Amino acid sequence: MGSALLEQWSKGTESITVVDPGQASVPGGARLVSDRAALDGERFDCIIVAVKPQMIDDIMPDYVGHIAPDGYVISIAAGYSSARLSATMGDAPVIRVMPNLPAAIGRGVSGIFASPAASETHLAHAQEFMARAGTTVTVDTEEQLDRVTAVAGSGPGYVFEIARAYVEVAMEHGFTEEQARDMVFGTMGGAIDMAAEPGALSLEELRNSVTSKGGTTAAGLNALNGDGGLTERLRATLQACYDRAVELR
Ligand SMILES: NC(=O)C1=CN([C@@H]2O[C@H](COP(=O)(O)OP(=O)(O)OC[C@H]3O[C@@H](n4cnc5c(N)ncnc54)[C@H](O)[C@@H]3O)[C@@H](O)[C@H]2O)C=CC1
Ligand SMILES: O=C(O)[C@@H]1CCC=N1
């Protein structure tokens, strides 16, 4: 996720240093070091936490001395709370961000939550920084940020899985994978873009406009969600994701 964001962050004027022992190169002209020791006492206006939440306790305390006076911390880690991160990082101000993967093409959705110690300046920087990667939604509570994770942060995973299953089943109707992908991506992308047009009809109206009484779409929709099973499945999906975020706090 950090690499996807780096592509977009690099469009700004900041000098960016990445510490990552697992990368041979990073995009966007950022400086890469494989070991924090190479920083040699340098301080940074913003330190971005983009490691797995389960690694933060081990890794991040070593970075306390690298935060500039008036600097702050951005965390993209799921779940791990701002209070816990601040305590881990010498009481630094923390802004939590929950991006999603289409940030890689500048079409991400990022939730932003500023903990009380973060200043207006920190928040304004984080908002501008994340806007380079797509849409931003600033939320008032950390609870809401964990719900952004359930809807948007993990959302591309749901979408990719739905599209994958749709392609698989389309191929069972005798199409090549290329044909199936073209049809599924075109249908999903075209329908979503149409629904997102300014002044578009509601989703119910759009659905109904495809659906002739006694026709083919009605038959398909009845199988898809006639019993509310799809809605229930999505409810369980978001709840399971949110519950996991809570466990990671
Ligand atoms: N993958 C996604 O779509 C999203 C991920 N996130 C968050 O982003 C964070 C990273 O997740 P992913 O990118 O999926 O994982 P990842 O495994 O792809 O990336 C983690 C990176 O941390 C590096 N790393 C490991 N040890 C390190 C150390 N000691 N110092 C510095 N870097 C180290 C790894 O080499 C790797 O490049 C997580 O906290 C996750 O919750 C948030 C939103 C979306
Ligand atoms: O699966 C995860 O934990 C991360 C956080 C949101 C998306 N991927």
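## A residue, its cores and its salt bridges

Ala 114 is partly exposed, at 23% relative accessibility. Partly exposed lies between two limits: buried is under 20% relative accessible area and exposed is over 50%, with a 1.4 Å probe and protein chains only.

This is a predicted model, in which local features need pLDDT of at least 70, side-chain atom pairs count only at pLDDT 80 or more, and totals for chains, interfaces and linings use all residues. Residues are numbered from 1 along each chain as its sequence is written, chains are lettered from A and ligands numbered from 1 in the order in which they are written, and side-chain values use heavy atoms, leaving out hydrogens and water.

**The chain overall**

The protein chain has 10 helices and 7 strands. These are DSSP runs, numbered from the N terminus: helices are H or I with at least four residues, strands are E with at least two. The C-alpha trace spans about 70 × 35 × 35 Å along its principal axes. Of the 249 residues in the chain, 33% are buried. The chain exposes about 14,300 Å², and carbon and sulfur atoms supply 55% of that area. Accessible areas come from the Shrake-Rupley method with a 1.4 Å probe; for residues, only the protein chains shown count as cover.

Contact means heavy atoms within 4.5 Å. Among contacts between residues at least 6 apart in sequence, 55% join residues at least 24 apart.

**Around Ala 114**

Ala 114 sits in strand 6, residues 108-114. What does Ala 114 contact, leaving aside neighbours within four places in sequence? The partners are Val 94, Ile 95 and Leu 123. Cys 46 is 68 residues from Ala 114 in sequence, and their C-alpha atoms are 14 Å apart.

Two of those partners lead to the cores. A nonpolar core is a set of buried Ala, Val, Leu, Ile, Met, Phe, Trp, Tyr and Cys residues joined through side-chain atoms within 4.5 Å. In soluble globular proteins, nonpolar side chains tend to be buried together. The largest core here has 21 residues, and Ile 95 is among those with the most contacts inside it, as are Leu 5, Trp 9 and Val 97. Helix 1 (2-9), strand 4 (67-75), strand 5 and helix 4 (120-131) each supply at least two residues of this core. Helix 4 gives the largest share, 4 residues. Beyond four places in sequence, Ile 95 touches residues including Tyr 72, Phe 113, Ala 118 and His 122. A second, separate core has 16 residues, among them Val 94, Ile 56, Met 60 and Leu 85.

**Salt bridges**

Side chains of opposite charge can pair when their charged atoms come close. A salt bridge is a side-chain nitrogen of Lys or Arg within 4 Å of a carboxyl oxygen of Asp or Glu. The whole structure holds 13 of them.

| Pair | N to O distance |
|---|---|
| Glu 142 and Arg 96 | 2.8 Å |
| Asp 146 and Arg 249 | 2.9 Å |
| Arg 235 and Glu 232 | 2.8 Å |

Glu 142 is in helix 5 (residues 142-153) and Arg 96 in strand 5 (residues 94-98), so their bridge ties together parts 46 residues apart in sequence. Glu 142 is buried at 18% relative accessibility. Arg 96 is buried too, at 0%.

Asp 146 lies in helix 5, and Arg 249 in the segment after helix 10 (229-247), 103 residues apart. Asp 146 is buried at 0% relative accessibility, whereas Arg 249 is partly exposed at 32%.

Arg 235 and Glu 232 both lie in helix 10, 3 residues apart, about one turn of the helix. Glu 232 is partly exposed, at 44%. Salt bridges that share partners also build one network: Arg 96, Glu 142, Glu 143, Asp 146, Arg 147 and Arg 249.

**Annotated regions**

UniProt's unreviewed entry assigns residues 142-248 to "domain: Pyrroline-5-carboxylate reductase dimerisation". UniProt positions use the numbering used here, feature names are shortened, and annotations may be inferred rather than shown by experiment. Over residues 142-248 the chain is 80% helix and 0% strand, with its end C-alpha atoms 13 Å apart.

The unreviewed UniProt entry also places a "binding site" at Ala 50, Val 51, Lys 52 and Pro 53. Val 51 is in the loop between strand 3 (44-49) and helix 2 (56-59). Lys 52 is found in the loop between strand 3 and helix 2. Is each of these two buried or exposed? Val 51 is partly exposed at 28%, and Lys 52 is exposed at 57%. Leaving aside neighbours within four places in sequence, Val 51 contacts Ile 56, Ile 59 and Ala 77.
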